[in-house]
Amino acid sequence: MHQETADGHANWQAWQDSWDRQQEWYLPDREERFRVMLDMVEALAGPEPRVLDLACGTGSISDRLLRRFPESRSTGVDLDPALLTVARGHFAGESRVEFVTADLTDADWVRALPHTSYDAVLTATALHWLRTPQLTALYGQIAGLLRAGGVFVHADHMPDPSTPRINEAAYAFGKRRREREKAAGASDWAAWWGEMAGEPALAGVVEERYRIFGDPAKGDHADGEVQSAAWHAQALLSAGFAEAGQVWCSPEDAMVLGLR
């Protein structure tokens with residue numbers, strides 16, 4: 001499936017839409033998660049925040065941020081050249097957002113940012129790619145980027161080890177749902193990347209992405225680790241946040257907020 005315009009260029013809106021559909025296949029509560037995230041931004045940072053969209057991918061958070069808060073500004077940072085290509089194409093000509101290529105596991109990644117202070121740092125479905133020591137170090141860097149009273153919101157897979165039977169049942173239920181939807185034509189992670197690699201306008205950046213992260217068909221999340229929401233909250237407190245706690249959850253995911 002090629003998502004190109006008549007002149008042979010990539011159709012950025014179509015790629016954004018297909019990314020959202022692919023992510024929603026895994027996360028049916030995704031939009032609710034975004035809503036609560038932005039509710040917390042408005043409650044704690046106001047309706048005109050300067051935001052760091054951390055591990056931004058195609059800019060899903062920035063897209064919703066700018067629509068909800070017209071006076072907001074966003075810096076998207078990621079390492080993935082293919083997803084950043086979609087983001088830059090989709091937001092071309094939009095002065096309220098800029099994108100930066102940086103590796104969050106590099107101790108100097110903050111030097112690539114255009115600002116030294118942000119009102120909010122937001123991230124979703126991304127930091128599970130990191131090992132626990134990398135994430136701990138990142139939390140300290142995020143604390144240093146937030147102004148006093150700034151907010152960090154992190155939504156991701158955060159299983160609770162104290163509820164193994166509930167976790168198992170929720171996973172099995174979700175797996176059955178995904179199987180039904182895939183049989184009806186939904187694209188999973190590997191299939192989406194296969195579609196992207198098949199578009200001539202994007203094949204080069206997809207190949208570059210594979211060199212960095214590996215082939216999605218072969219399991220490119222292998223090095224990541226997940227922790228409970230309680231662990232994330234405690235790690236944020238240890239990193240220098242004044243308050244931290246869970247502000248939303250579904251059967252398989254959670255969202256933790258840290259207040260600087």
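Contact here means heavy atoms within 4.5 Å. This is a predicted model, so local features need pLDDT of at least 70, side-chain atom pairs count only at pLDDT 80 or more, and totals for chains, interfaces and linings use all residues. Residues are numbered from 1 along each chain as its sequence is written, and side-chain values use heavy atoms, with hydrogens and water left out. Helices (H or I, at least four residues) and strands (E, at least two) are DSSP runs, numbered from the N terminus.

**Thr116**
- Thr116 sits in the loop between strand 3 (97–101) and strand 4.
- Leaving aside neighbours within four places in sequence, Thr116 is in contact with Gly144 and Leu145.
- Thr116 is exposed, with a relative accessible area of 69%. Exposed means over 50%, buried under 20%, and partly exposed in between (1.4 Å probe, protein chains only).
- From Thr116 to Gly194 is 78 residues in sequence and 37 Å in space, C-alpha to C-alpha.

**Nonpolar cores**
- A nonpolar core is a set of buried Ala, Val, Leu, Ile, Met, Phe, Trp, Tyr and Cys residues joined through side-chain atoms within 4.5 Å.
- The largest nonpolar core has 30 residues, of which Leu52, Leu54, Trp109, Leu138, Ile142 and Phe152 touch the most other members.
- Two or more residues each come from strand 1 (50–54), strand 4 (118–124), helix 5 (132–145), strand 5 (146–157), helix 9 (229–238) and strand 7.
- Helix 5 gives the most to this core, with six residues.
- Not counting residues up to four places away in sequence, Ile142 touches Leu54, Val121, Phe152 and Phe241.
- A second, separate core holds 27 residues, including Met37, Val51, Ala87 and Val153.

**Strands 6 and 7**
- Strand 6 (residues 243–249) and strand 7 (residues 253–259) run antiparallel, joined by six bridges. Two strands pair if DSSP finds at least two bridges between them.
- Gln246 has Val256 in strand 7 as its bridge partner.
- A hairpin of three residues joins strand 6 to strand 7.

**Cysteines**
- The structure holds zero disulfides, a disulfide being a pair of cysteine sulfur atoms within 2.5 Å.
- Cys56 is buried, with a relative accessible area of 7%.
- Cys249 is partly exposed, at 46% relative accessible area.
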